[in-house]
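Open the model in a viewer and keep the selection panel at hand. The stops below go from aromatic rings to a sheet and end at a single loop residue.

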Amino acid sequence: MNERIQEKLSILADAAKYDASCSSSGGKRKNENKGLGNSEGMGICHSYTEDGRCVSLLKILLTNHCIFDCAYCVSRRSNDVKRAAFTVDEVVDLTINFYRRNYIEGLFLSSGIFSSPDYTMERLVRIAKKLRTEHKFNGYIHVKTIPGASEELIQEAGLYADRLSVNIELPSELALTTLAPEKNYQEILTPMAQIRDGIIQNKEEKALFKKVPAFATAGQSTQLIVGASTETDLQIIKLTDSLYQGYGLKRVYYSGYIPVTDDARLPQVTQPPVIREHRLYQTDWLMRFYGFQADEILDPAHPHLDLEIDPKLAWALRNRHVFPVDVNTAEYEMILRIPGVGTRSAKRIVAARRFATLNLETLRQLGVVLKRAKFFLTCQGEHQPIIGELSEQQVRRQILFGAGSVRSALVTQQLDLFAQAS
Amino acid sequence: MDTSPPQPPSPAERGAAPEGAREVNQPRRVGVPVLTAPPRDYTYDGTFEGLLTVLFTVYDWRAAPSSIQPEATAQTGLFAQPAHRETNEAQAARVWDGLLKTMDREARARLYHVFLSEDAGRELLIFRYVDLALRMARDISENYASADVRRIQRLAQQLFREKHRMEAFVRFEKTQDELFHATIEPDMDVLPLIAAHFTKRYADQRWLIYDRRRHYGLYYDLTRTDVVQFEPAAGQKATDISATVLDEREPLFRLLWQTYFDHVNIPERKNLKLHRRHMPLRYWRYLSEKQPREQRFVSIDNKRPPTDANLRPE
């Protein structure tokens, strides 16, 4: 029995690990019933894998049996892998016992599709329900909704789960129909819209009535695979932007495509595109926290993100005319646009300048990365950057290769690979 | 060491000059005394209340501190002017309440957090911060141009990180008598700060978290959480205190957790530097997934058409 459960766990954790999301934040479930667990606000990473990703949730598939044959997926029907399936009670027992030992924040449950979407979804819901009602479990639950599952089941899942997600999988409908012939955008966007409406309706009801059952209070997220199809970064961030704007998503995750098959429809790569993925996340942050619009970062003339430098620096280099910015007088929004100044240092600058005029040394102590920032800011005449006199290439070279430049080992390594390949 | 009871300075030393002579050469709040008496080398009992008592004394005597140290580890120089202060709860409470006149609760809590950081210069730092706040007569917590303010923010942030790490890295083991116990050795004294988190979270199980470095723990008995003191007896390890016999399923869950930990790893993305930055080596000792074990689980090679090598017999 024990060996069997261990084998199931290896198979079903291994098959679930390509889902990037492991967030456990944003829940609003307080332990008010003297039950087990509490998930308010801040997420916790209980461990980190050797690739440096956060382990916050017990992330497993209920089963890796699947009737679909999506080319990018390890669990596709035609892949000859070992299959396994948990029972409802096994998942509940694992979750409770891992949680009690403080290994995890909760459960991230997804599944391959066996029999039918509704049959699968019904089991996912049953697990979440059992945890909440029979075990008074208040930890975090993230349920991946199954494409094609009925509206009623998704509605019920939202009552027990803190977060629901539907993976958009590929950044364009064309890529999806090529690589995942049984899926289509409609089947993905419909539940996404349903969850969005459920969340909005829940919020409205909460404003009116005292006691309203919660519905996916930590919102919904999605994931798309980068590098398995030919979309440009511009197409990807436009899609992301429309998901944030149109569907009110909390997060869009990007998963650099890791070669999982020799399928001829897929590019033959040996390394996952980790830098491209990283630049996409930086862009995502610029749109969510820095007030950037998608078309400021990329445009049809520049459809790809620069792998060598971050997207904010790239924007600043293209828009040298708005610099230098005076940190002692400029608006917060403008200070945020200085490369090397993050949201934290920007807030500190705005607060600290009420007490004293800021100079370069203070900025450094506040956490500003002067290596990049010095080209773009001024402190009431104390420091005069020469941005106006330098060309884009000159500034770029000085930042990349000048004194004190430290480049991430990862970037160097991967750019070397590119150099060798070409 | 000077064993005579500390003498408060005489009124002349306190600089109790006639009212009119109280000059105004720096902006200050009415009632904040100028520290004109000769500076003293204060010692206290090492508790936060003790430090607050010292702060009270500083303004009572008008004698600035040239040092403030816990008595147990105090180092006194040749020309020291030692003054030991016993903790006085009433005085400590007056200082604690009075702080709210110049700072909000969050800024005040930050001072307590800095104290828990056990940083070597924390006492004088806290004094200088309080003194600056009193004299500026406004909230200085965002005055990042001041080195002391930055240092306070930094220490408080480090403490927050350590607290957060402990909320993450505590690993309970279940004993036969249904107690979940864990041992930790945090860099800073964070037990007082994690009590609420664990009490809310594990409301339906008895648990004990023991700080092996500071020889005390938190124990929750299903109704309340208490601080418990242990002095490990000679030859006995501190961890032995609660380790009766482990629950029979404990080894299973430990094994399953290790299995899970190994299988969520994606070998193609290996990045040990990042791994260690998030999970520094010094914490590994108490992490069950990082313990030496018989079997290391390797990722299932399920991505390519099966070959003889990865085809396992059913």
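Start by selecting A:Y99, A:F137, B:F172, B:F180, B:F198, B:Y202, B:W207 and B:Y220, which ring pairs link into a cluster. Rings of Phe, Tyr and Trp (its six-membered ring) pair if their centres lie within 6.5 Å; planes under 30 degrees apart count as stacked, over 60 as edge-to-face and the rest as tilted.

This is a predicted model, in which local features need pLDDT of at least 70 and side-chain atom pairs count only at pLDDT 80 or more, while totals for chains, interfaces and linings use all residues. Residues are numbered from 1 along each chain as its sequence is written, chains are lettered from A and ligands numbered from 1 in the order in which they are written, and side-chain values use heavy atoms, with hydrogens and water left out.

Over all chains, the whole structure holds 27 aromatic pairs. Go to A:F292 and A:W315: the ring centres are 5.3 Å apart and the planes stand at 90 degrees, so this pair is edge-to-face. A:F292 is in the loop between α8 (274–289) and α9 (294–297) of chain A, and A:W315 is in helix α10 (residues 311–318), 23 residues apart. Helices (H or I, at least four residues) and strands (E, at least two) are DSSP runs, numbered from the N terminus. A:F292 is buried at 3% relative accessibility, and A:W315 is buried at 7%. Buried means under 20% relative accessible area, exposed over 50%, partly exposed in between (1.4 Å probe, protein chains only).

The criterion is NZ of Lys or CZ of Arg within 6 Å of the ring centre and within 35 degrees of the ring normal. A:R288 has its charged end over the ring of A:W285, 4.6 Å from the centre.

Move to chain B, which has 8 helices and 8 strands. Here 3 strands form an open parallel sheet in the order β2-β1-β3; strands pair if DSSP finds at least two bridges between them. The edge strands are β2 (63–70) and β3 (82–84). Strand β1 (residues 37–44) of chain B pairs with β3(B) over 3 bridges, and B:D41 stands opposite B:P82.

Finish at A:A15, in the loop between α1 (2–14) and β1 (27–29) of chain A. Beyond four places in sequence, A:A15 is in contact (heavy atoms within 4.5 Å) with A:L61, A:N64, A:V74 and A:S75.
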